[in-house]
Amino acid sequence: QYAMGKIVNTDKKSSEPGKPKPCAGTRGTIISVEDLFYNVSTRRKALKSPSDEYQRIMEVVVRYAVNNPHCSLNCKKVESGTSDVHTPKNSTSVRNIGLLFGQAVARELIPISRDQMQNDQLAYKVDGLVSSANYNSKKSV
């Protein structure tokens, strides 16, 4: 149970009330969303159909998957037996991009490291991936 944005132990018999307590369950986090903002008029205007809403959810999950390769992410519709997004644990950003956008995209990526681009006077560091001039698509990561 949560109180004031933090998980708390509400067991009054506990030796440490207010502290989290262990419980049985599978490892990891499962986030299930149903009827989120269902009656909000702004949502109804912006998201025309359930498939449009799901596409926007998928865009967010894909971005998390690329930027958090150490986490395994799995996204599927409740009624579907297969995952629309699945990335392995302890992967790399390049591998996840290959899984999500195709190996042709992953092969065209050029790594940029902070060794190549760093300026202590301006206080910036760059670390990431860019596509080569050979790759062109409307989709972005």
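Biologist: Hi! What volume does the largest pocket have?
Modeller: The largest pocket comes to about 1600 Å³. A pocket here is an open set of points on a 1 Å grid over the protein atoms alone, with protein on both sides within 12 Å along at least five of seven lines; lining residues have an atom within 4 Å of a point. This is a predicted model, where local features need pLDDT of at least 70 and side-chain atom pairs count only at pLDDT 80 or more, while totals for linings use all residues. Side-chain values use heavy atoms, without hydrogens and water.

Biologist: Which residues lie nearest its centre?
Modeller: Ile-31, Ser-32, Val-33, Cys-75 and Lys-76, out of 34 lining residues.

Biologist: And which element gives the most to that lining?
Modeller: Helix 2 does, with 8 residues. Helices are DSSP runs (H or I, at least four residues), numbered from the N terminus.

Biologist: Back to Cys-75: what does it touch?
Modeller: Leaving out residues up to four places away in sequence, Cys-75 touches Tyr-54, Met-58, Val-61, Ser-83, Asp-84 and Val-85. Contact means heavy atoms within 4.5 Å.

Biologist: New topic. Is Asn-96 buried or exposed?
Modeller: Asn-96 is buried, at a relative accessible area of 0%. Buried means under 20% relative accessible area, exposed over 50%, partly exposed in between (1.4 Å probe, protein chains only).

Biologist: Where does Asn-96 lie, then?
Modeller: In helix 3, residues 93–101.

Biologist: Which residues does Asn-96 touch?
Modeller: Ala-65, Pro-69, Thr-87, Pro-88 and Ser-91, again not counting residues up to four places away in sequence.

Notes
Residues numbered from 1 in each chain as written. Helix = DSSP H or I, 4+ residues; strand = E, 2+ residues; numbered from the N terminus. 1 Å grid on protein atoms, 1.4 Å probe; cavity = no way out; pocket = protein on both sides within 12 Å on 5 of 7 lines; lining within 4 Å. Points joined across faces, edges and corners; volume = space filled by probe spheres on them.
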